[in-house]
Amino acid sequence: MGARHQTNSDAEFDLAVVGSGAGGLSAAVTAAAHGLKVVLLEKAETVGGTTAWSGGWIWCPGNPVAVRAGIVEDKALPRAYLQAVTGNHFNPERVDAFLSAAPEMVAFFESRTTLQFEGGLTIPDTYGQHPGAGSGGRSVIASAYDARGLGEALTLLRLPAPETTFHGMTIQAGPDLRAFMTMNRSAESFAYAGRRVLRHLRDMALHGRGMELRNGNALVARLLRSALDHGVDVRVNNAVVGLLSEDDRVTGVALQNGSNLRTSRGVVLASGGFPHDTARRADSFPRDSEHLALAVPEAAGDGLRLGQSVRAHVAGTEARPAAFCPVSRVPWPDGTEGRFPHIIDRGKPGVIGVLENGERFCNEGLGYHDYVEAMLTAVPDDRPARSWLVCDHRFLRRFGLGIVRPAPVPFRSWIRSGYLKTGATPSELAQACGINPEGLSATLKDWNAGAERGDDPAFGRGTTPYMRLQGDPEQRPNPCVAPIHHAPFYAVEVVPGSFGTFSGLAADGHARVLREDGSAVPGLYAAGTDAASPFGGFYPGGGINLGPAMTFGFIAGRHAAGGVT
């Protein structure tokens, strides 16, 4: 355990895993549990990668958590849904492998490791209009975890992103978040949130960090505990700079410190894709210079370069190269800039997204990927790719906006920093943002006319189960639609961003990396975003990054161990 450095150039392992996000940890734990001697190599000083910053949801239809809750469905249904969403990009081999192994992955971790799950039993798929769309149960999330369970290994765990925590406290979507959002309207919620905050303050005083872990941080912590329990040799500050090979087979890795690690079963690449590989992004990202990645800075295309060094093929046929998300720039008091992902605020009743002309351009309640797609399509090439989320005072205090938290948390410091724009009238707000005042006033007039009836005639907010879940059940008749007329008015600028890349190394249903001719590179596997997404560059539901990462990591570890193929 700990930050170890190997200097023996003849060190022998069965399997080396490059990267410590969900895909890498899943592969390492699975292989070790099947009896292999595994080394996990992470170039950062902490474990977890972008997974540790994520919401932690894992899309895996047919999982045992859902089955225990009485949600049983034939895997032909999610297959039909994926085929409808991805169209000509449908990959039957990878999709079928995923759908078969995902429930087995969850069952394996539940029975053989510290990783335990809770079900997203009411979370529907994004596109409810498509055949086979699920109405709940297809997602799971790691159960909350007491970080004390890591012991000394706690120092290896990457901290959650400050933008998506409350002073370092992780809050999980679902009942946990709902309690914080309603603490001013429910004595029960206030008591729950108060207990959570008090425990967090105690932990910060005693340990210097939050100890009640949730979301992606809980997932990584549980996987790390499981890796250590199964004897995985976890090494941080160990950058891999090359692959070793003999007779066309990958047989180990070369480290930046000059040493080599040889392996009998091969190497798994799971280093986080290429969100910060500027050259590769420039070749594939639309309007790349305006794009803000939400991934950790270490995710810079290492796995793809390593794969290409042994003639692996980088798939580039995805509909989009990354999992898009609208992002706002957060000016921190110390002069640094953070990045906030707008995941849930867009779907609440009483907020709209507008362009520079003051007009709406999409259904704000659809998925975050769709919002960015629509923005990229609507904004002319000669204008900055940006939009504004606009709301009134009632909305801001009830739901918050971006990093601005709802009442009773103070918010005026965000006005002073320039993050939150405000105006006593829509015209004043427009002038503060650089939006066309007449356009915004007309848009709000049209919006309010429909909203008074609970209707959105322009884009149909609130017409699918996914949208209604994002809304507010207390808002009737439409949980996603409310007027915007309680002055003052507010706005936050959002620009294109992404959670991680979809494009990556071509791989088969066994997670083996492929060459351009379709043959497998012996001894080389890919998981997570180092592998091309099995969903063709689309975003069919929450957790579709971590779902394949966990599942194909599990497939890779099991295959390398000679298990079920």
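Predicted model: local features only at pLDDT ≥ 70, side-chain atom pairs only at ≥ 80, totals over all residues.
**Entry 1. A sheet of three strands**

I began with the open sheet formed by 3 strands, whose order is β3-β5-β4 and whose pairing is antiparallel. I asked why one side of β3 and of β4 is left without a neighbour in the sheet. The strands β3 (57-59) and β4 (117-119) stand at the edges and have a single partner strand each, so one side of each lacks a neighbour there. On average, neighbouring strands of this sheet are turned by 35° against each other, with direction ignored.

I then looked up the contact of β4 with β5. Strand β5 covers residues 139-142 and is joined to β4 by 3 bridges, the two running antiparallel. For Gly119 I recorded Val140 as the bridge partner in β5.

**Entry 2. The hairpin of β14 and β15**

I next examined strand β14 (residues 322-331) and strand β15 (residues 337-341), which run antiparallel and are joined by 5 bridges. Ser328 has Phe340 as its bridge partner in β15. The hairpin has 5 residues between the strands, and in this hairpin Gly335 takes a positive phi near 95°.

**Entry 3. Two helix pairs**

I described each pair by angle and distance, since two packed helices are described by the angle between their axes and the distance between the axes.

For helix α1 (residues 22-33) and helix α7 (residues 215-229), I noted a packing angle of about 25° and axes 9 Å apart. The two helices α1 and α7 are therefore roughly parallel to each other, as angles under 35 degrees count as such. Their crossing is left-handed.

For helix α13 (residues 426-433) and helix α14 (residues 437-451), the angle is about 135° and the axes are 8 Å apart.

I looked up the second largest pocket and found a volume of about 660 Å³. Its lining comprises 33 residues, and those closest to the centre are Pro162, Thr165, Phe166, His167 and Gly168. Two or more lining residues are given by each of α6 (187-207), β7 (212-213) and α12 (412-417). Which element gives the most to this lining? I found that it is α6, with 5 residues. By class, the lining of this pocket holds 17 nonpolar, 9 polar and 7 charged residues.

I returned to His167, one of the residues closest to the centre of this pocket. His167 is not a glycine, yet its phi is positive, at about 55°. I placed His167 in the loop between β6 (145-146) and α5 (175-181).

**Entry 4. Cavities**

I asked how many cavities of 30 Å³ or more the count gives. The count comes to 2.

The largest cavity holds about 130 Å³ of space. I listed 15 residues in its lining, with Gly528, Ser533, Pro534, Asn545 and Pro548 nearest its centre. Helix α16 (residues 546-560) supplies the largest share of this lining, 3 residues. The classes in the lining of the largest cavity are 9 nonpolar, 5 polar and 1 charged.

The second largest cavity holds about 30 Å³ of space. I recorded its lining as Gly62, Asn63, Ala66, Ile71, Glu73, Gly136, Gly137 and Arg138. These divide into 2 nonpolar, 4 polar and 2 charged residues.

**Entry 5. Cis peptide bonds**

Where does Pro477 lie? I located Pro477 in the loop between α15 (465-470) and β19 (489-501). Pro477 is joined to Arg476 by a cis peptide bond, with omega about 10°. I then turned to Pro488, which also lies in the loop between α15 and β19. The peptide bond from Ala487 to Pro488 is cis, and its omega is near 0°.

How values were computed
Residues numbered from 1 in each chain as written. Heavy atoms only, no water. Pairing = 2+ DSSP bridges. Helix = DSSP H or I, 4+ residues; strand = E, 2+ residues; numbered from the N terminus. Axes fitted to C-alpha atoms, helices over the stretch in contact; angles between N-to-C directions. 1 Å grid on protein atoms, 1.4 Å probe; cavity = no way out; pocket = protein on both sides within 12 Å on 5 of 7 lines; lining within 4 Å. Points joined across faces, edges and corners; volume = space filled by probe spheres on them. Nonpolar A, V, L, I, M, F, W, Y, C, P; charged D, E, K, R; others polar. Parallel < 35°, antiparallel > 145°, perpendicular 65-115°, else oblique. Left-handed = near helix turned anticlockwise from the far one by under 90°.
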